[in-house]
Amino acid sequence: MVQEGTGAIRDGGPGRRLTWPWFLVIVAVYAGIIQGLGLLTGVDTGHSDSAFPTSASLVRNALIPIGASIVFAATVVTWLGWWGEVLRCRVPVRRWVRWVPASMLAVSLLGLNYGHLGDQSVSLVACLLLLGLFVGVGEELMFRGIGVQVFRRAGLSEGKVALFSSLVFGLVHLSNAIGAGAQAVLQALIVSTSGYFFYLCLRVGGVILLPMLVHGLWDTSLFSNLVGDEPQASPGMALIIVLQAVLIIVLLVRRRSIEPETAAVPA
C-alpha cells in the first residue's frame, strides 16, 4: 500500500545476514514456542465462555508462552547484532500519517471496558495489563523489528517491506487455529491490516517503542472484554471496529501519498 520510494536498502548493514526464507523459519519457531508452551503449561478454560476467566489461566495460557517468545526474539536480535537497526527507524513519512498512531492510541483508551474491568480482581487486571505489554513487545520485536529489517536488507522498497512484513504477521496468527478453529483465518486477515498500521507507527515514531505502545494498548482494549468469568462486550468495541475500517479506507485512498515527496518515484 505504500508508494515505492528510495528508502530501500541492500544487505550489507551491520551484523549477520538473514535471508527471508530463514526469517520464516524463525517465525515458525516463534509461533511454535507460543503454541507449544501454551499446550504444556496452559489450563483448560472450556468450562467458561471467557478466554481468561482467572489470573492463573491468563498467566499459564498467555503470559508464560508469550514471555518465552520475547526471550527468543531478543536472543535472535542479539545473535544477529541488529539492535541498533531494530530499535530505530530512519525512514521518514508524511505528516498526515501521524494520525494513524494518534487515532489508535485514543480509540484504545476509549475502547477499554472500564466497567467490566472494575468488576475483576486486582490481580486479573494487573495480568491483563502485563499481557498487553508482552504482546506489544514480543510481536513488534519479531515483525516490525526483525521482519522489517529482513525485507529492507533484501533491497525491497518500503511498500513491499510494509506488505510482506504485514502478511507474515497475519499468517503467523493462523497458528491460533489450534485453539480458535476456523475463526483464526478471519483473525489472520484482520491482523495483517493491523500489522500495516503498526508499521506506519514505526515510521512515524522513528523508534520501535511507539508501535510497541500502540500495539500493547490496542490488544489490551480488545482483551478487556474477554477476562473474568463472564466476558462482556462494550460499546468501545464498536469504536475499534470503525477505526479499523476507516484506516483501511483512508490508506487505500492515500497510499501513494505516504512517502515524502522527495522520496517518491513515479508509479
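Q: What is the chain made of over residues 96-116, and how far apart are the end C-alpha atoms?
A: The span is 76% helix and 0% strand. Its end C-alpha atoms lie 35 Å apart. Helices (H or I, at least four residues) and strands (E, at least two) are DSSP runs, numbered from the N terminus. This is a predicted model, in which local features need pLDDT of at least 70, side-chain atom pairs count only at pLDDT 80 or more, and totals for chains, interfaces and linings use all residues. Residues are numbered from 1 along each chain as its sequence is written, and side-chain values use heavy atoms, with hydrogens and water left out.

Q: Where does the name "transmembrane region" come from?
A: From an unreviewed UniProt entry, which lists residues 20-42, 62-84, 96-116, 122-143, 196-214 and 234-253. UniProt positions follow the numbering used here, feature names are shortened, and annotations may be inferred rather than shown by experiment. In the model, residues 122-143 are 100% helix and 0% strand.

Q: How many aromatic pairs does the structure hold?
A: Seven. Rings of Phe, Tyr and Trp (its six-membered ring) pair if their centres lie within 6.5 Å; planes under 30 degrees apart count as stacked, over 60 as edge-to-face and the rest as tilted.

Q: Why is the pair of Phe 23 and Phe 151 called edge-to-face?
A: The centres are 6.0 Å apart and the planes stand at 85°, so the pair is edge-to-face. Phe 23 lies in helix H1 (residues 20-41) and Phe 151 in helix H6 (residues 122-153), 128 residues apart. Both residues are buried (under 20% relative accessible area; exposed is over 50%, partly exposed in between; 1.4 Å probe, protein chains only).

Q: How do you know whether Tyr 196 is buried or exposed?
A: Its relative accessibility is 4%, so Tyr 196 counts as buried. Tyr 199 has 0% and is buried.

Q: What makes the charge of Arg 144 sit over the ring of Phe 169?
A: The charged end is 4.3 Å from the ring centre. The rule asks for NZ of Lys or CZ of Arg within 6 Å of the ring centre and within 35 degrees of the ring normal. Phe 169 also joins Tyr 30, Phe 143 and Phe 198 in a cluster linked by ring pairs.
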